Amino acid sequence: MQTENPTAAVDAPGTGPLGFPRPFWAANLLEIFERMAWYGFYAVSSLYLTGPREEGGLGLSSSDRGVIQAIVTFLLYLFPAVFGALADRYGFKRMFMASFLVMAPGYLALQHAQSFASFLLVYTLVAIGHGMFKPVVIATVAKSTNEKTGSMGYGIFYMMVNIGGFLGPIAAGIVRGWGWHYVFYASASWAAMNLVWCALFYREPARSAAAEERKSIAAVLRGMVEVVGNLRFFATVFGSLIIMVAGSKWLDPIDAIFAGGAWIGLNLLLDFVFRAVISDWRGRSKFLSPVSQVGEGRYMIFLLLMAGFWTSFNQLFITVPEYIRDYTDTSGIASTLDSVAGIFGKSVNTGDPFWFDHGKIKPEYLINLNAFGIICLQVLISWFARNIRPLATIISGIVVTILSFLVFLGGADGWFVVLGILVFSVGEMLASPKSKQYAGLIAPPEKVGMYMGYFYWCTALGNLFGGILSGQTYERFGPKGADTPEVLWWIYGAFAALTAIGLVIYNHVVTASPRRES
């Protein structure tokens, strides 16, 4: 059992530099390097997975690439609920150390996974490591802040997230000039450095064993089921997702969707059978509970709609890199950079393997404008949106995201890509922070804590749907398909538009209750 932290007085919220104790600053340092490890590879994963084998890539199709990215990132956002419970039972520092011990060898092993199955397996191991890290770093920030310092504390933390997300791809792009295996070495090294930082600097935050609830793994799993309704509904929904994702690897996408729909239909049919032949069927077994018995339906609908936003959002990291590699002309950007460098007596060499790939600016550098824009503008955007209702801000952010896809329709010139990414970033800065606030408003008052713990399900589903959508659409409309990339932006924009329309309807119909947003 956890005992009272002997350094509680020293590490209590409100103490330390700027009012933040030592665990807060240590957690933020760990966050920077963890994000460098994850985004260092994730930002170039599409390029590696679909790159030619003779150039060090894996040589997979875009559809296979999408399946891998969908499954791994989906699991990444499901793991924290379980590992958070383990951290409460066994200690934050132990969970941190364990996560880095999984991450570092995982990244080293990735370079040796040369097939679809082996890469999926090892990448899932890497996701487990990051999934172990996520709940502990958030919990550390929460326990190191109070009502007075919370706003600034989370602002600092979000800044660290984006600093790590900005530096990681830059480092990866540079070392990629030596060879792909150096990208894996870089990510592994960031994780290994975190192991050292954690051992030297991290200290358990002030925690009260008497006041804190220690959830068992079984209790966490029961909570996951409770959010969606019952065990059969949980199995029906997640079973259909597994069928559709796995089916997209071996079946036509339409056939995979029909297979997932057939699983749902079969379970609905079983409801009629159970009702007809079993008396008191609802109370006989948790496995016989009706599929139609949904838990907190209003909350589930919101999470599903927000999954639509994250589906569109993820195209920036998994589709745009391939688009830049295959279609974008960055010569105009390179010419501008050369003119600026000339002021300082320097020049830009498009043959430099550390900054250019086949004469083009490396995609990861352009994608990185997203993190750079957030670092520079998030505080300003949040200030302007401070008096706008959360849902209105979310919808506005999605509309801006739609506009960014229309910018990509301007053509293959690199400046359109730059503008599209920056406009996209403004949409993210509007929608992402407010979505958490709104989720807290519509969760049942007596269960806000538990339901917010499962808020990241919408991110998990967005990664799942986004990966499959990206892979299938790029395979069909990219250079190996119809070679009509403009169709991609219409599809992604339409998907985002449906999400925005759904949220407008949701606000007027589903939330028309006493707890409506004020």
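## Salt bridges in the model

A salt bridge is a side-chain nitrogen of Lys or Arg within 4 Å of a carboxyl oxygen of Asp or Glu. Side chains of opposite charge can pair when their charged atoms come close. The structure described here is a predicted model, and it holds seven salt bridges.

One of the seven salt bridges is formed by arginine 176 and glutamate 364, whose closest N and O atoms are 2.9 Å apart.

Arginine 325 takes part in a salt bridge with glutamate 322, at 3.0 Å from N to O. These two residues are about one helical turn apart, because they are three residues from each other in helix 15 (residues 320-327). Glutamate 322 has a relative accessible area of 2%, under the 20% limit, and therefore counts as buried. Arginine 325, at 27%, is partly exposed.

A salt bridge also joins the side chains of arginine 325 and aspartate 326, again with an N to O distance of 3.0 Å. Aspartate 326 has a relative accessible area of 29%; this value lies between 20% and 50%, so the residue is partly exposed. The salt bridges form a network that links Arg65, Glu322, Arg325 and Asp326.

## Serine 63 and its surroundings

Serine 63 is part of helix 3, which covers residues 62-76. With a relative accessible area of 15%, serine 63 falls under the 20% limit and is therefore buried. Its side chain makes a polar contact with the side chain of serine 61, at 3.0 Å.

Which residues does serine 63 contact, leaving aside its neighbours within four places in sequence? They are Gly471, Gln472 and Glu475.

## Summary

Serine 63 is a buried residue in helix 3.

Methods:
Residues are numbered from 1 along each chain as its sequence is written. This is a predicted model: local features need pLDDT of at least 70, side-chain atom pairs count only at pLDDT 80 or more; totals for chains, interfaces and linings use all residues. Side-chain values use heavy atoms; hydrogens and water are left out. Helices (H or I, at least four residues) and strands (E, at least two) are DSSP runs, numbered from the N terminus. Buried means under 20% relative accessible area, exposed over 50%, partly exposed in between (1.4 Å probe, protein chains only). A polar contact is a pair of N or O atoms within 3.5 Å; within protein, one must be able to donate a hydrogen and the other to accept it, and residues adjacent in sequence count only if both atoms are side-chain atoms. Contact means heavy atoms within 4.5 Å.
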